[in-house]
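I open the notebook here. I want to go through the confidence scores, the chain totals and a few local spots.

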Amino acid sequence: MPVNSIHWFRKGLRLHDNPALLEAIKGSDTLRCVYFLDPWFAGASNRGVNRWRFLLQCLEDLDSSLRKLNSRLFVIRGQPANIFPRLFKEWKVSRLTFECDSEPFGKERDAAIKKLASEAGVEVIGKISHTLYDLDRIVEQNGGQPPLTYKRFQTLVSGMEPPEPPLEPLTRELMGNCVTPVSENHREKYGVPLLDELGFDTETLPPTVWPGGESEALMRLERHLGPESSTAWQENFERPKMNSSPLLASPLGLSPYLRFGCLSCRLFYYKLTELYKKVKKNGSPSISLYDKLLWREFFYTAASNNPRFDRMEGNPICIRIPWDRNPEALAKWAEAKTGFPWIDAIMTQLRQEGWIHHLARHAVACFLTRGDLWISWEEGMKVFEELLLDADWSVNAGSWLCHSCSSFFQQFFHCYCPVGFGRRIDPNGDFIRRYLPVLQDFPAKFIYDPWNAPDDVQRAAKCVIGVDYPKPMVNHAEASRLNIERMRQIYQQLSRYRGLSLLATVPSNHMEVVGVNETQGAAAPPTRRRTRSGTSSHRVRREHPGSNGAKHHSARHRHTLSHRTSPYTTQSDLSDHAHEFAVPQQPGRLIWPVGGGTGKREREAEHNGCHGDDGPSSSS
Amino acid sequence: MCESEEGAPSGGRTRNIGARAPAEATPINSESTPASLRHRMKRGQKRDDKVEEGGGSVSGPGPGAPEVCKRLRRADSEEQQQEDGEVDWGQLPEEILLQIFQYLPLLDRAFASQVCRGWNQAFHMPELWRCFEFELNQPASSYLKATHPDLIKQIIKRHSNHLQYVSFKVDSSTESAEAACDILSQLVNCSLKTLGLISTARPSFMELPKSHFISALTVVFVNSKSLSSLKIDDTPVDDPSLKVLVANNSDTLKLLKMSSCPHVSPAGILCVADQCHGLRELALNYHLLSDDLLLALSSERHVHLEHLRIDVVSENPGQQFHSIKKSSWDAMVRHSPKFNLVMYFFLYEDEFGPFFRDEVPVTHLYFGRSVSKEVLGRVGLTCPRLVELVVCANGLRPLDEELIRIAERCKQLSAIGLGECEVSCSAFVEFVKMCGGRLSQLSIMEEVLVPDNKYGLDDIHWEVSKHLGRVWFPDMMPTW
């Protein structure tokens, strides 16, 4: 019986470090690599032209690499579930391989295909290679729940084995006797389509800033260790500086390649280690050096079992915020017409090139949501999904949850100023001039707030605000005042903290750090959940200055009492701050995200009279 | 697919309930319910669908009645057939029922009310209607659902005299603000203790005709007579309406929040302070703050003030602000030594001229926009009572000396948050060392800390943790 394999490409558009692909050729007589241009996937995600162009370039590159192995890529139009059964028969398939998808919808799709395959007697092999780690294991290590803070995630990961080293790429030698039957009319039937064949208008297309494909990705990666290694060092290992971050697309940038899997994250991980050793000579890098990769991993983990990760409603980790519904304001933001040059320049860069710097992401995301417009992060996420090359479902939604302070316990007190933030990064405004030529002639003094420029300055710059460029759509001072207050109220309701403080209302990061108090021999806060696991962050040293132990103990104790704001605890100690707005709490109301409301205590609060918080309700 | 599940059908369902049995089955908005409850609701509805499909009668209990209730009802009708059927749930004493109902969300109470006459009566017990939050949202301007109009009608008809703690959550549409005023003006026979008008998005009360808003609000002022807490931020309330408030509620008023009410004058708020001697909490904008107001609040007849919140907001760049005499603040502190003074600054850098020149008893200080290094230096000199400091942004110069001075002089400081600022790692460690374990909240964006020859970013978390006596990390934003 001949063995005929199909390798199904989805993400993971590469020949290097592709364990599932290597499984496909093991002892097999034929190999066919397929990619579905899947209307379900494509239609639902509504990607913009830049993403389509990137994808098609990836497929072209994959096809040309396969040609070198006497093979071809089979691009199939249609839905996998409809077409696989026919392929199984037609090609007498005995094995199907693919890279595992960690995302809920991907898992659902794969389960359906697995079922189809087993009905057709086809063996299915899935391998994890889109993420560094087996995400299920991380979740398992965390007691069955994905970690809710990045620090916690770091701690878990640092206690695990390092990621597996990347596998060798598929070569002719490895192919051995395995062949790909290619028909005469392959181009017609299975060729990679052109952009205009898919109905995109290619006339007005801006030049490619990010060329797709595995070859490009590997070239970029090589540059990291070549003559540009010092820049690579800066971009990868040094923390973003507020005042000198590169806002423009870098020839070293890799995020879109990781998203489409043109580059293996494990290969990148080990190249980073190599780079570190090359520059630092001795010592091995601490886990924080892999931050960029780990944030991605963190979001994949958080989303892995949460099909509503990209929504507010029904998403157990998302705080419900009464966002405004305002299509006009949303359109102004998406189309770079806010009247804030910093915001508009970023959105223009995003639309033209498909990528923006992460500080720029913070800026526009904050502006749309909790900073100025008070519009739902879901709307922003959809715009990014269309425009941003590296916007993977999990990572995109996760970042927006973070930026809008809807989850992962971000501080909400700090709104990026749409004027001051950009000015700090790029005082001269060159970035704005590049993307908004209409403001080109404004002096640096006014380029971030051109509406404040006197009339003669505006005339001299040949740009009158309100005529040639829009006036600012909001008063930032007023909007941020209102929004901060709303966030404060929302967080106070969540934590049942009734104090004045802006800071104490957010559960802080260290609440989730594991095992630290125990290892230091001090009493652990009594209400903490999940304080098991012996893994202590490698960044946390275990010894503790003995002489100060007692004092610190008491300080810690006070801390846990007066600021018990972790969502895993009920806020019951109200004596200090029982003052705010007088409405009795409704008994038995659940606290986000897990319950445990002590009805009795709350009823006591009602009986002793007045001061509750702003927003309990009987209708909830 | 998920949207349709969440949206239209359930909305249609609730309307249906309302139409079928308006008095018993109470439609309420599902949006404000916690996630777990919503799931329960959905399950309930699904179950109900099955019942209808199977031709079972649903005339008695309404749609979605919890399984438990159905089982009970069956037990009721089939009498002794159940083994442990001695407990007749229908005969529970009212007090116990009340206890149970208090723990149930309104929706579950509504379901339960359809079980039997006794439970239905319990549903309407006044104790369960003291507290209500009206959520007024329009589909065009909000993602959230609104309190059902039938429910509002029912409350006004049957329970308005029971209401004591009422709040209105209103979205950014004028229609919603109007709807809130309509309800307010019908609350003629109730005595509210608490009233809150809360804008959940862009403040919409401001868009109403002032007279319309005032007449609705004064209905409550005149009828209630015992208002204790009033939250009317971002509304067009004015001096004459405050006079009405004072005339009717001066003995009971304890809390008044009215930030950003542009139609109130310093004289208007002074009138409140002069006559409401029980006032313990007050929130207003800086333009209403005057020496006279502080003196009135520190008069002998006045109780100790607990909280005073002042928002200092710039309407347009370069605005001039008045200053408050040190002697007035001193009088306040003498009268209410423990009072909290919370100040939010939303100013341009060049508008800070009059602030932090003399000692000010501020306890919580929030700089919502850029604030200069110089002003932060003055904070260290003039704010000895400072407990919490939040700086969203300052210029490009590191805040080293300023922080150290604050650590030195502000002995109460226990919480600090820094956003777009810069501090050298050494100075930050020094700051933490000086404050030590009393720093219970330390929220610093990672980018704030500038590595120097003494500490890198990897050492600093340990160094700071050591001085705090607990594990600490800087705040991080995704670098993706």
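What share of the contacts in chain A with a separation of 6 or more comes from residues 24 or more positions apart? I looked it up: they account for 77%. Contact here means heavy atoms within 4.5 Å.

**Ground rules.** This is a predicted model, so I note that local features need pLDDT of at least 70, that side-chain atom pairs count only at pLDDT 80 or more, and that totals for chains, interfaces and linings use all residues. Residues are numbered from 1 along each chain as its sequence is written, chains are lettered from A and ligands numbered from 1 in the order in which they are written, and side-chain values use heavy atoms, with hydrogens and water left out.

**Confidence.** Then I turned to pLDDT, the predictor's confidence in each residue, from 0 to 100. Chain B averages 80. In chain B, 82% of the residues score at least 70. Where does pLDDT stay under 50 in chain B? I found that stretch at residues 1-82. The model still has 112 contacts beyond four places in sequence for it. I also compared the elements of chain B. Helix α2 (residues 8-20) of chain B has the lowest mean pLDDT, 32. Helix α13 (residues 291-297) of chain B has the highest, 95.

**Chain A totals.** I counted 26 helices and 5 strands in chain A. Helices (H or I, at least four residues) and strands (E, at least two) are DSSP runs, numbered from the N terminus. Of the 620 residues in chain A, 64% are buried. Buried means under 20% relative accessible area, exposed over 50%, and partly exposed in between (1.4 Å probe, protein chains only). Chain A exposes about 22800 Å². Carbon and sulfur atoms supply 52% of that area. The areas come from the Shrake-Rupley method with a 1.4 Å probe; for residues, only the protein chains shown count as cover.

**Chain B totals.** I counted 18 helices and 14 strands in chain B. Buried residues make up 60% of its 480 residues. For contacts in chain B between residues at least 6 apart in sequence, 71% join residues at least 24 apart. The accessible surface of chain B is about 18700 Å², with 52% from carbon and sulfur atoms.

**A helix pair in chain A.** I looked at α15 (residues 327-334) and α18 (residues 377-387) of chain A. They pack at an angle of about 35°, with axes 11 Å apart. Axes are lines fitted to C-alpha atoms, for helices over the stretch in contact, and angles run from 0 to 180 degrees between N-to-C directions. Which residues meet? From α15(A) I listed L330(A), W333(A) and A334(A). They meet E379(A), G380(A), V383(A) and F384(A) in α18(A).

**I484(A).** This residue lies in helix α23 (residues 476-495) of chain A. I484(A) counts as buried because its relative accessibility is 2%. Its C-alpha is 8.4 Å from that of H414(A), 70 residues apart along the chain.

**Positive phi in chain B.** I noted K225(B), a residue other than glycine, with phi near 65°. K225(B) sits in the loop between α10 (210-224) and β4 (229-231) of chain B. Is S260(B) buried or exposed? S260(B) is buried, at 12% relative accessible area. S260(B) has a positive phi of about 55° although it is not a glycine.
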